[in-house]
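Me: I would like to learn how to read a structure one feature at a time. Please give the general idea first and then the case at hand.

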Amino acid sequence: MILINTFLFILITIYCGVLIWLIFGNLKSYKNRANARYRPVSVIISIRNGEDALPDLIQDLLSQDYKGEYEVILVDDDSDDDTANIIKEISKQDNHFIFQSSSKGKSSLQFKKRALDAGIEIAKHEWLLFSDVDCRLPSSWITGMASYFQPDNDYVIGHSNVKMGNKILNIFQSLDFFLLLVSARGAANLHCALACTGQNQAYRKSLYVNVGGFIRIKDQLQGDDSLFMNICKKWGKARIIFADDSKCHVYSRKEKKWLPLLIQRLRWSGDANVMWNVNLGFYVILCGFFLLHFKLMILFFFSIFNYQLFLLLATYLLIKFIFEFSLYIVGCQYLQNSTNFFKFLIWYFIHIPYVAIIGIASFFHKKIEWKGRKINYSN
């Protein structure tokens with residue numbers, strides 16, 4: 001028991017140290033300079049079976065207030081529905097829109113990465129801006145993100161929200177995603193970017209070419225965001241910043257059931273399992289993060305019949321809560337989010353078993369399908 005306590009003490013100390021580091025990072029902000037001109041932008045969105053969400057996305061893109069030159073490349077990723085026809089129709093009506101097929105991407109790539117590669121291949125402009133078909137984009141999205149396309153920046157991490165509701169599932173999804181991006185913001189502000197989201201990000205086309213595109217992660221189910229960003233940092237020496245401006249924040253879809261959310265996070269954790277190859281330090285942090293929550297779960301089961309262990313568990317949970325809530329408060333302040341103590345408590349107690357379960361399940365990520373398709377590892 002002394003050994004377990006010592007190990008937990010080390011893990012919680014390191015974990016709180018990382019949280020303090022992220023809190024400090026969130027107290028800083030990237031000082032954006034006013035653009036002297038509007039830079040040309042290529043918006044690229046990969047779409048697989050998106051006929052239901054595509055009309056809303058197109059309407060959002062039609063409503064953009066950007067005064068500079070831009071193009072919107074919508075890539076049909078081998079859809080089985082009417083996605084391709086919808087894209088072709090809007091491309092006839094508005095010359096900002098361009099239809100592209102994922103089949104035009106590099107044959108060594110699969111799924112979303114091949115679709116994105118196809119879009120990047122025909123992009124006319126240096127700055128590439130990305131989102132997903134099921135995201136809602138404010139009319140100021142391109143304008144807001146483009147304000148960060150400064151000469152000394154290479155990669156821009158955009159913020160994405162899940163609108164808060166009253167159902168436990170939605171409370172958890174919203175706060176969990178928010179805290180992931182608050183952590184991403186803190187690390188980026190300390191010039192040590194660790195993660196981002198494909199729902200809202202931008203980078204230079206020349207950077208993509210210089211690092212060899214997605215070739216280093218061609219066998220990953222996804223990896224077009226955090227893994228690729230770390231590749232750009234390691235091999236492209238990219239300068240990465242976080243976009244605070246609320247004008248360019250996007251909204252992701254709310255999941256209606258737990259299973260789709262868990263499968264989504266399992267796909268993400270599969271990428272985390274190979275992070276060691278591109279960012280060993282971040283991989284060690286992720287492993288320690290999993291071990292801490294896994295050990296807390298074990299301690300919970302043992303503490304049911306042991307009062308001393310229960311007090312020990314309560315102490316660790318209190319310490320963990322104080323630092324996580326502090327990060328939440330600081331993140332809300334800088335990302336203009338409202339705080340809610342009760343909803344944070346709901347997230348907090350679900351989050352511990354959630355991390356333990358996802359961490360264990362991540363070792364089976366190769367069995368996960370993405371929109372009806374599985375990775376072919378023979379390529």
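**Salt bridges and burial**

Reply: Arg136 is partly exposed, as its relative accessible area is 39%. Buried means under 20% relative accessible area, exposed over 50%, and partly exposed in between (1.4 Å probe, protein chains only).

Me: What kind of model is this, and how are its residues numbered?

Reply: This is a predicted model, in which local features need pLDDT of at least 70 and side-chain atom pairs count only at pLDDT 80 or more, while totals for chains, interfaces and linings use all residues. Residues are numbered from 1 along each chain as its sequence is written, and side-chain values use heavy atoms, with hydrogens and water left out.

Me: What is a salt bridge, and which residue forms one with Arg136?

Reply: Side chains of opposite charge can pair when their charged atoms come close. A salt bridge here is a side-chain nitrogen of Lys or Arg within 4 Å of a carboxyl oxygen of Asp or Glu. Arg136 forms a salt bridge with Asp60, and the closest N and O atoms are 2.7 Å apart. Asp60 lies in helix H2 and Arg136 in the loop between E4 and helix H5 (141-146), so the pair ties together parts that are 76 residues apart in sequence. Helices (H or I, at least four residues) and strands (E, at least two) are DSSP runs, numbered from the N terminus.

Me: Is Asp60 buried or exposed?

Reply: Asp60 counts as buried, at 8% relative accessibility.

Me: How many salt bridges are there by this rule?

Reply: The count comes to 15 salt bridges. One of them joins the side chains of Asp117 and Lys106, at 3.0 Å from N to O. Asp117 lies in helix H4 (residues 111-122) and Lys106 in the loop between strand E3 (97-101) and H4, so this pair ties together parts that are eleven residues apart in sequence. Asp117 is buried, with a relative accessible area of 3%, whereas Lys106 counts as partly exposed at 41%.

Me: Where do Asp176 and Arg265 lie?

Reply: The side chains of Asp176 and Arg265 meet in a salt bridge of 2.4 Å, N to O. The pair links distant parts of the chain, with Asp176 in helix H6 (residues 168-189) and Arg265 in helix H9 (residues 258-272), 89 residues apart. Asp176 is buried, with a relative accessible area of 4%, and Arg265 counts as buried at 4% relative accessibility. Elsewhere, salt bridges that share partners join Asp56, Asp60 and Arg136 into one network.

Me: Which residues of H2 are buried?

Reply: The buried residues of H2 are Leu54, Leu57, Ile58, Asp60 and Leu61. They cover an arc of only 160° around the axis, which puts them on the same side of H2. The arc is that of the directions from the helix axis to the C-beta atoms. The cover over these buried residues includes E1, E2, H3, E3 and H5.

Me: Which strands pair with E1?

Reply: Two strands pair if DSSP finds at least two bridges between them. E1 pairs in the parallel sense with strand E2 (residues 70-76) over seven bridges, and Val43 has Val72 in E2 as its bridge partner. From E1 the chain crosses through helix H2 (residues 54-62) to E2, and this β-α-β crossover is right-handed. A crossover is right-handed if, with the strands pointing away from the viewer, the path from the first strand over the helix to the second runs clockwise. E1 also pairs in the parallel sense with strand E4 (residues 127-130), over four bridges. There, the bridge partner of Ile44 is Phe130.

Me: How many residues of helix H8 are buried?

Reply: Seven of the ten residues of helix H8 (residues 226-235) are buried, so H8 is largely enclosed by the rest of the structure. H8 is followed by Lys237, which has a positive phi near 50°.

Methods
Contact = heavy atoms within 4.5 Å.
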